[in-house]
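Please have a look at the fold before reading on.

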Amino acid sequence: MPNIINEIKLDFKDVLLRPKRSTLQSRSEVDLFRNITFRNSKQTYKGIPVIASNMDTIGTFEMAVVLAKHGLFTTIHKYYSPEEWQKFAENHPSSLPHVAASSGVGQADFERLSAILNTNPGVRFICLDVANGYTQHFVEFVRKVRNSFPHHTIIAGNVVTGEMVEELILSGADIVKVGIGPGSVCTTRLKTGVGYPQLSAVLECADAAHGLGGHIISDGGCTCPGDVAKAFGAGADFVMLGGMLAGHDQCGGEVITKPDGKQYKCFYGMSSDTAMKKHAGGVADYRSAEGKTVQVPYRGDVECTVLDVLGGLRSACTYTGAAELRELSKRATFIRCTQQVNNVYSNLG
């Protein structure tokens with residue numbers, strides 16, 4: 001007989017952060033930088049733990065250069081060649097502490113990843129990315145990469161439950177990517193019925209990871225800076241953004257100008273028909289596409305969006321009395337709600 005978990009699971013839209021008495025006099029006093037030492041690699045990272053997703057329209061070298069300037073991180077998509085990586089490393093050495101090389105789990109993926117890491121010793125982070133992090137094959141691949149690169153920091157995912165977070169950390173991952181289906185261009189929940197409300201996933205997975213000295217990324221579901229703050233409040237060590245960074249100059253793809261003069265850029269999920277046609281020759285007949293393709297309004301330079309996100313985070317910390325970002329999860333109290341915002345003028349301006 002199927003099991004039913006009756007305990008309510010929550011998403012970012014279901015809660016608000018409760019304000020608390022604070023001694024902070026200004027948002028400018030908040031320190032968003034974190035120093036994190038990783039369980040397995042023993043590396044230390046210093047930066048603002050907001051990450052650009054490794055989607056091919058988001059995790060670009062151009063994005064990495066701008067984000068690194070502000071201390072943010074980028075998981076570079078897996079479709080750059082080792083030669084392109086070498087050129088990037090030569091031209092932007094200061095960005096290397098803030099990037100990860102992404103990989104799938106095939107033999108060709110491993111060979112390409114090895115070539116990148118062996119040629120560019122400044123790249124110290126690896127992102128092992130699959131839609132379904134629950135397979136034994138994925139666990140074994142994590143172990144293989146850990147054995148081959150014992151001193152690199154490994155990001156692995158995606159999963160949404162504590163026991164699988166523990167499995168991946170014990171298999172060699174330092175940071176586990178949490179999120180199945182919450183992304184703005186992900187259709188996994190519609191196609192498969194599988195998923196987990198993101199706020200609850202982060203709360204439960206963070207607890208599991210921190211018990212072993214590991215870390216997690218909240219990946220997906222953020223629609224505004226307030227959601228980023230909620231993810232950190234729930235215990236995420238890093239928060240990954242895709243749709244919130246879409247449509248900018250630094251994103252992959254050309255600007256599309258419509259007959260009315262309005263401009264757009266394409267944004268699509270990495271399991272979408274668009275992505276699979278581009279990178280795999282099409283959708284295999286044994287599966288369906290689990291992502292959609294949208295045209296998002298062109299938004300210019302990503303710098304303004306970065307400053308908006310960081311400004312919102314500082315403000316959230318000020319409201320909750322957290323002088324440092326790392327304190328936010330200790331200061332956070334969530335209130336369940338039925339409505340977050342007043343939408344009466346949402347269609348105007």
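What follows covers the whole chain and then one residue.

This is a predicted model, in which local features need pLDDT of at least 70 and side-chain atom pairs count only at pLDDT 80 or more, while totals for chains, interfaces and linings use all residues. Residues are numbered from 1 along each chain as its sequence is written, and side-chain values use heavy atoms, leaving out hydrogens and water.

The protein chain holds 11 helices and 15 strands; these are DSSP runs numbered from the N terminus, with helices (H or I) of at least four residues and strands (E) of at least two. The C-alpha trace spans about 55 × 55 × 55 Å along its principal axes. Its radius of gyration, 20 Å, agrees with the value near 20 Å for a compact globule of 349 residues; that rule is 2.2 Å times the number of residues to the power 0.38, and the radius is taken over C-alpha atoms.

| Property of the protein chain | Value |
|---|---|
| Buried residues | 52% of 349 residues |
| Contacts joining residues at least 24 apart | 67% of contacts between residues at least 6 apart in sequence |

Buried means under 20% relative accessible area with a 1.4 Å probe, counting protein chains only, and contact means heavy atoms within 4.5 Å.

Now for the single residue. Asn-120 sits in the loop between helix 3 (107–119) and strand 7 (125–129). Its relative accessible area is 5%, so Asn-120 counts as buried. Beyond its neighbours within four places in sequence, Asn-120 is in contact with Trp-85, Gln-86 and Ala-89.

Key: Buried < 20%, exposed > 50% of the residue type's maximum accessible area, 1.4 Å probe, protein only.
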